[in-house]
Amino acid sequence: CGVFGVIGVADAANFVALGMHALQHRGQEAGGIVAHDPVEGFNSARRFGYVRDNFTKASLMETLPGPIGIGHVRYSTAGSKGNTAIRDVQPFFGEFSMGGCAIAHNGNITNAAALRRELIERGSIFQSSSDSECIIHLMARSIQKNIPERMKDALRRVEGAFSVVAMTRTKLIGVRDPLGVRPLVLGRVGEGWALSSETCGLDIIGAEFIREIDPGEMVVIDAKGIESFRPFEQRKSRFCIFEHVYFSRPDSILGGRSVYETRRQIGVELAKEAPVEADLVCPVPDSGTPAAIGYSQESGIPYAMGIIRNQYMGRTFIEPTEQIRNMGVRLKLNVNRGLIKGKRIILVDDSVVRGTTSMKIKEMILDAGAAEVHFRIASPPTAWPCFYGVDTPEKEKLLASTMTEDEMRDFIGVDSLKFISLDGLYRAAGEAKGRDNASPQYCDACFSGDYPVAPSDQLEKGFQL
Ligand code: 5GP
Ligand code: SF4
Ligand code: MG
């Protein structure tokens, strides 16, 4: 998901809609905005579909006046899947004795089922199936006198990954979990301030990037300025390495590094680790493009657009049901036949999850008369599900959980298949010495099975580490 917030501007909702549009790649199922105006009070709108189709209509934006607003773009990693229920669309809102509070959450709460059970037993009335709603109910139970303090209380009970943007009548609040699994950045826009999942959300509104919110930090922003708190026990951060590989936009800056440059560098590493003689290097667009450029630059094999992407389709993975995803590949990608015929092709993609994409692409490319097909993948084999906010399927459906690299090659039916090593990925992400196995610099659980936060709900359901 993507979260965005702004304070201290005229018509905050317009800025929020723009920010959400820039973050659309983080969630395409639905979006919501809450804004507050001193006269009109709190207003909200939650809609299915793209931001651009919902939140530009003057009529809708007029109902969201005021100088403070937050927004959320959703893709379901918890709660209802596929046909997201509108009740699961964020921001969520709670009315407390000291006023209202709206929150938007990116990440996944790993003890949400246990918390929900406890809260329901104690009388909370849940409105949605979303894990994020726990935060509001935990806040309602806090005895603290103001909303930021209540939020600290609530979030101290929450485990897992959370980058939260919240607002009250007068304050904009941003928080990252102690490991800083998901991103969150702070920007200055005119006399106001903005919070965004990624820097591309600041760029679109012309905001100046100030800094990242630190892992474990809470910022509270109002007319008087910014206050920073450290509500949690300090821990070594474990940012999601998959944000660098796939999830974030290539024009964003994460941890001081250009996402594009990291991806290009992954391609360079891949060319060193897994060279092969071929005629062309082709990306599986768009997610494989920067790595393919790097692979081509390092290997000297020409880069070419062997697969063309229909720009009117979204991200295939983010289509939550298998059937839509299966079709999605053909709806989205087509082979550039003239270029491919008779050539030995290196295809670069960001990841192999179920193997659906690679299978379909191989079929299409062999159909077009390619002489050889070599897959190079910009991440290590995805052998473990993510429980921190990226929607990977159950372990059994992950190709790499049941097959070796060679078995996957034969299953997909290509001449070769190679994944970047975990160390190679760390080097590309700026860790010259690779992964520090004693104390890893990133979360890489989907590749390593090393979960930095025990996924307690899952363990209770029988998931085996
Ligand atoms: P598969 O078709 O193997 O199940 O999925 C791999 C494809 O899904 C890749 O092309 C990749 O770009 C895309 N993808 C989109 N979202 C995600 C995600 O959240 N996780 C992973 N691992 N791959 C994703
Ligand atoms: Fe990111 Fe993978 Fe960790 Fe999930 S498990 S937070 S996708 S690195
Ligand atoms: Mg892709």
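In strand 7, N106 has S163 as its bridge partner. Strands here are DSSP runs of E with at least two residues, and helices are DSSP runs of H or I with at least four residues, both numbered from the N terminus. Two strands pair if DSSP finds at least two bridges between them. The model is predicted: local features need pLDDT of at least 70 and side-chain atom pairs count only at pLDDT 80 or more, while totals for chains, interfaces and linings use all residues. Residues are numbered from 1 along each chain as its sequence is written, and chains are lettered from A and ligands numbered from 1 in the order in which they are written.

Angles run from 0 to 180 degrees between N-to-C directions, and axes are lines fitted to C-alpha atoms, for helices over the stretch in contact.

Strands of a sheet pair through backbone hydrogen bonds, either parallel or antiparallel. The table lists strand pairs from this sheet and from the parallel sheet described further down.

| Strand pair | Sense | Bridges |
|---|---|---|
| strand 5 and strand 6 | antiparallel | 5 bridges |
| strand 6 and strand 7 | antiparallel | 8 bridges |
| strand 7 and strand 8 | antiparallel | 5 bridges |
| strand 17 and strand 20 | parallel | 4 bridges |
| strand 21 and strand 22 | parallel | 4 bridges |

F93 stands opposite A102 in strand 6, and V164 stands opposite V175 in strand 8. Strand 7 and strand 8 form a hairpin, with 4 residues between them.

Burial is judged by counting C-beta atoms, placed from the backbone: a residue is buried if 20 or more others lie within 10 Å of its own, exposed if 12 or fewer do, and partly exposed in between.

Two residues are in contact if their C-beta atoms, placed from the backbone, lie within 7 Å. From helix 5, I135, L138 and M139 meet R150, M151, D153, A154 and L155 in helix 6. The residues of this contact divide into 6 nonpolar, no polar and 2 charged. Ala, Val, Leu, Ile, Met, Phe, Trp, Tyr, Cys and Pro count as nonpolar, Asp, Glu, Lys and Arg as charged, and the others, Gly among them, as polar.

Another open sheet has 4 strands in the order 17-20-21-22, with parallel pairing. Strand 17 and strand 22 (416-419) stand at the edges with a single partner strand each, so one side of each has no neighbour in the sheet. From one strand to the next, the twist averages 20°. Helix 10 packs on this sheet, touching strand 17, strand 20 and strand 21, and its direction makes about 165° with that of strand 17.

In strand 17 (residues 280-283), L280 and C282 point one way and V281 and P283 the other way, and all are buried. P283 has V348 as its bridge partner in strand 20. R376 stands opposite K418 in strand 22.

Helix 10 (residues 289-299) is mostly covered, with 8 of its 11 residues buried. What covers these buried residues includes helix 9 (259-273), strand 17, strand 20 and strand 21 (372-377). After helix 10 comes G300, whose phi is positive, near 80°.

## L425

L425 is located in helix 16 (residues 422-428). It counts as buried because it has 28 C-beta neighbours inside 10 Å. Leaving aside neighbours within four places in sequence, L425 is in contact with I241, I266, S379, P380 and I420. L425 and T262 are 163 residues apart in sequence, and 8.7 Å apart in space from C-alpha to C-alpha.
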